[in-house]
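Welcome! Please take a look at it before reading on.

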Amino acid sequence: MQDLSSIKMENGLLYETIITTKNSDGTPNAAPVGVVCKNGSKIILYLSEAIHTLQNIKNSGHFIVNILKDPIIFTKSIVGDLSQDCFKNHLNDFYITNADAFFSATVIKSKEIEKGHKIGNSKLTIITAEVNEIIIKNKNVEPLNRANFAIIESLIYLCRMNIVDNKTAQMYLERINEMSRLVTRVGNKEHKKAMKKIISRL
């Protein structure tokens, strides 16, 4: 049986995905959700009570994780509804038509917590789910990890540091430091190694 390494998901890392679920009226729902790869067969989600996806998962106990890079699909899933032709049926769920890969997952446990922020507290539900069938549609599938983009952005700022004024250079430095914190949170060893090299050049 395939595990999550077959779609290049590493244990302990957070990936940006789109979760698809079924609404109570039978229509598809999609939302961008970060998925933590706990191991080859389990994932963890941290879901806000504000998103409809959480209620759908509570109702059904299962969902589909879509692996793709299409920025329009990510955007439309937040700022506007995806059209019906963006979805296809898989067993009793929906997946996104142009996903590079997708897998179904079944909830095995959930826990509600309250998380503090600068602007107040919010409730989160931590869902642990078991991975079922993995469907690979593109053999070059690669899940999105924000650390990759943080490194690229940092390199752009680094290359421009010597051609901008001091105020702009300070802004670039602050952004690189922000990117470094992101890499520390969601990156793997290679991401962190690359980021360390960038910081050492400042």
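Lys69 is partly exposed, with a relative accessibility of 44%; partly exposed lies between buried (under 20% relative accessible area) and exposed (over 50%), using a 1.4 Å probe and protein chains only. This is a predicted model, where local features need pLDDT of at least 70 and side-chain atom pairs count only at pLDDT 80 or more, while totals for chains, interfaces and linings use all residues. Residues are numbered from 1 along each chain as its sequence is written, and side-chain values use heavy atoms, leaving out hydrogens and water.

**Salt bridges**
- The structure holds two salt bridges, each being a side-chain nitrogen of Lys or Arg within 4 Å of a carboxyl oxygen of Asp or Glu.
- Lys69 pairs with Glu142 in a salt bridge (3.9 Å, N to O). Glu142 lies in the loop between strand E8 (120-136) and helix H3 (146-160), and Lys69 in the loop between strand E4 (62-67) and helix H2 (71-79), so the pair ties together parts 73 residues apart in sequence.
- Glu142 is partly exposed as well, at 37% relative accessibility.
- Glu112 and Lys58 also form a salt bridge through their side chains (3.3 Å, N to O). Because Glu112 is in strand E7 (residues 101-117) and Lys58 in helix H1 (residues 52-60), this pair links parts that are 54 residues apart in sequence.
- Glu112 is exposed, at 56% relative accessible area, whereas Lys58 is partly exposed, at 46%.

**Helices and strands**
- The helices (H or I, at least four residues) and strands (E, at least two) named here are DSSP runs, numbered from the N terminus.
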